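Subject: Structure for your review

Dear colleague,

Please find the structure below, followed by a summary of what was found in it.

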Amino acid sequence: MPIPAPEIDETNRWYWDGLILGELRYQHCRQCGNSWLPPTEECSQCLFADWEIRTASGKATLVSWVRYHTATHPEFKDRVPFNVAVVKLAEGPRTVTNLIDIADWDTVHAGMTLQLKIEEDDDVYLARFALAGA
Amino acid sequence: MTAEGLREKYVVAGIGNTRFGDLDGRSTLSMNVEACRDALSDASVEKELVDAVFVKYPTSNFQSMYGQKVAERLGLQPRIGGVWDQAGASPSSMIAFAVMAIDAGQCEIALVTFADNPRSVSRHAYAHALGPYGPYGWFGVVAGYAMIAQAHMEEYGTTGEHLGAVAVACREHGKRNPNAQLRRPITLADHQRSPWVVEPLRRSDCCLISDGGAAVVVMSASRAHQLGVRDAVPILGFGQGQTSWEVAQRPSLVSTEACRSAETAFAMAGITPSQVDVAQLYDCFTIAVLMTLEAYGFCPPGQSGAFVSEPGALQVGGKLPLNTSGGLLSETGMPGLQLIHEGVRQIRGTSTSQVTGARTCVVSNQGGIMQTHSTLILGRC
């Protein structure tokens, strides 16, 4: 069963297009300097809609993670155990992702440095992260 | 009027509920009616005197104007009411809003009610995608709490055994409550053998999914006295705090605005956490109890694991008897009103796990994945 397709609209199309082109993009506010994901119409810090799209370096740190042993959603039933993580990009935005190529979960810890690795999965391009230097 | 001026001026005059568990697809309107009928009977108040109806919508089936549908089924045309949505924080907050509305002369006697049937009809509400991250597999309320639990473990060294101590205490109290849905107690070893759902949370860390309804009657202490209400329980304090943001966007995953909710409530009540005799803390997942203990000042941040692991700490006779009717983990997964009911029973002296001479009970309600929080302190100063 394929993973659920992203719900693409005019607010977030540039984000998903970026992943197809190999870039993780985020919003940067020209008014107040705030940087954020996921895509929104206005900056939630200064409330203006005066932002530009920037491309992330791909460096991030791990905030937290979970491992699903039961699938809440039927499309992930064949994938358990799978993980979902929260990471903080070097540029500031926080995003939800999957960790890849983890050999030993006992060595995983908050604050560890990660590197972006964009992967195609069921025709969807996703921003996943591996251990930096791995 | 200062918040302190409301202390002990308002009461929970009556409590009522349906059976909890699998109610075989009974409608939420029907369960609301039964809970309200039972609460009015408990308060010995005639239905016609009710002029406010505050409703939390059924979690598993949002519908517009649901508050009016409940009022219609109750045969009432209230002066004030409607649906209040803070998810699981709604019950305590609706009681607070009822008090404020009565104090402002908008109404006199309020019903606060909730019913849902997720067990027999649909559990979909607990399994939705979290934000736009469905393609990454980010689904389900349990995963949101697991993400917070993992962060708490990383930050403070909290362990699965610490989570387990909460589950063991709630299940022990549920065993003694004949109305509890799950009455089988567990040991810490049982908890540690319980299968992972979303690691680091096990099945025994997760609340029940339950059908059922519950309601309370709120009025002023003077009105209750005038009406001859037998066992009205005073409201000492209340407060709210909203974390609001999705889990991934929070600057810290290990603390919430529950601390502001508690500060407001304790200031209004004029007591400190050390003066609390018994606590009913929202235990949708065990991690929520640990973080609430820290937010409320029962222990310093990061020390909740040690706090709950002291033998007997959460049992009757311990330093903070917890969830004495079994909580969401054992009595019913209903979002919050059952905890308020148990607070009322403790102050009345009628709990199945009664704390001798209990004079103060703190109740926490929280909603979503800790987006909302509400505190209610019941008792007599």
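The contact between the chains takes 30 residues from chain A and 25 residues from chain B, two residues being in contact if their C-beta atoms, placed from the backbone, lie within 7 Å. This is a predicted model, in which local features need pLDDT of at least 70 and side-chain atom pairs count only at pLDDT 80 or more, whereas totals for chains, interfaces and linings use all residues. Residues are numbered from 1 along each chain as its sequence is written, and chains are lettered from A and ligands numbered from 1 in the order in which they are written.

On the side of chain A that touches chain B, two or more residues come from each of β4 (59–68), β5 (82–89), β6 (94–97) and β8 (124–131) of chain A. Helices (H or I, at least four residues) and strands (E, at least two) are DSSP runs, numbered from the N terminus. With six residues, β4(A) gives the most to this side. By class, the side of chain A has 17 nonpolar, ten polar and three charged residues; here Ala, Val, Leu, Ile, Met, Phe, Trp, Tyr, Cys and Pro count as nonpolar, Asp, Glu, Lys and Arg as charged, and the others, Gly among them, as polar.

β4(A) also pairs with strand β5 (residues 196–199) of chain B, in the antiparallel sense and over two bridges; pairing requires that DSSP find at least two bridges between the strands. A:Arg67 has B:Glu199 as its bridge partner in β5(B).

Chain B is assigned domain 1 (3–121 + 210–233) and domain 2 (139–207 + 235–379), with bounds from an automatic or database domain assignment. Their centres, taken over C-alpha atoms, are separated by 23 Å. In chain B, 31 residues of domain 1 are in contact with 37 residues of domain 2. On the domain 1 side, β1 (10–17), α3 (90–103) and β7 (212–220) of chain B each supply at least two residues, and α3(B) provides the largest share, seven residues.

The largest nonpolar core has 160 residues, of which B:Ala98 and B:Val218 touch the most other members. Such a core is a set of buried Ala, Val, Leu, Ile, Met, Phe, Trp, Tyr and Cys residues joined through C-beta atoms within 7 Å, buried meaning that 20 or more other C-beta atoms lie within 10 Å of a residue's own. Helix α4 (residues 141–156) of chain B gives the most to this core, with ten residues.

Yours sincerely

Notes. A residue is buried if 20 or more other C-beta atoms lie within 10 Å of its own, exposed if 12 or fewer, and partly exposed in between; C-beta atoms are placed from the backbone.
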